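Dear colleague,

Please find below the structure that I am handing over to you.

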Amino acid sequence: MAGNDNKGQFGRSPDVAMVLFMILLVVVVMTEFTMTVQARDAQSVTILNQLGAGGVLSLHCMSRDNDLGQQYLQPGENFGFSFHTNFWGTTQFWCTFCWNSHKDAFTVWRGPGFWRNHSQDCYQCLWYVRPEGFYRAQQGDQMTFVVPWDYSSF
């Protein structure tokens, strides 16, 4: 009987196959890590009250880790905050908005996530609150209508 050389199915020893697998795994993880770290640059959200005369806007924004408190914006005022995403890229901020009998709540910023598409559609987000609803723009870009007011109460 010939000597047992512990060669696997493809003629490589199991140790070489394991080393190749580990190298591939490290390359994939480092690529994902690099993309996530790039998304961890400072992000910001600014909410602008464009409701017009007498349109006091009440808002309350938070993430899982940060409660930014209740804010009251007079027409023409704004509220802004900046932050860094978490390691996994799953940071998310949502706000509750109230204006007269109108109420709404939705996510104003969501990170790309560790395994999701890394193209962030808004790093410096501007939200314009108007009588017809909510518009969003990346700083320097045109604003786009995103969300109408939800006329139901919570």
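How many bridges join strand S2 (residues 57-62) to S3? Five bridges join the two strands, which run antiparallel. Within this pairing, Met-62 stands opposite Asp-67 in S3.

Before the remaining findings, a note on conventions. Residues are numbered from 1 along each chain as its sequence is written, and the model is a predicted one, in which local features need pLDDT of at least 70, side-chain atom pairs count only at pLDDT 80 or more, and totals for chains, interfaces and linings use all residues. Side-chain values use heavy atoms, with hydrogens and water left out.

Strands are DSSP runs of E with at least two residues, numbered from the N terminus, and two strands count as paired if DSSP finds at least two bridges between them.

The four-stranded sheet

Strands S2 and S3 belong to an open sheet of four strands, ordered S3-S2-S5-S6, with antiparallel pairing. Strand S3 (67-73) and strand S6 (102-110) each have a single partner strand, so one side of each is left without a neighbour in the sheet. On average, neighbouring strands here are turned by 15° against each other, direction ignored; the axes behind this angle are lines fitted to C-alpha atoms, and angles run from 0 to 180 degrees between N-to-C directions.

The five-stranded sheet

A further open sheet has five strands in the order S4-S1-S7-S8-S9, and its pairing is mixed. Its edge strands are S4 (78-83) and S9 (144-148), each of which pairs on one side only.

Strand S7 (residues 124-130) is joined to S8 by six bridges, and the two run antiparallel. Tyr-128 has Tyr-135 in S8 as its bridge partner, and a hairpin leads from S7 to S8 through two residues.

Strand S8 (residues 133-138) in turn runs antiparallel to S9, with four bridges between them. Here Phe-134 has Val-147 in S9 as its bridge partner. The hairpin of S8 and S9 has five residues between the strands, and Gly-140 in this hairpin takes a positive phi near 95°.

Confidence

The average pLDDT (the predictor's confidence in each residue, from 0 to 100) is 80 for the protein, and 73% of the residues score at least 70. Over residues 34-39 the pLDDT is below 50, and this stretch has eight contacts (heavy atoms within 4.5 Å) in the model beyond near neighbours in sequence.

With kind regards
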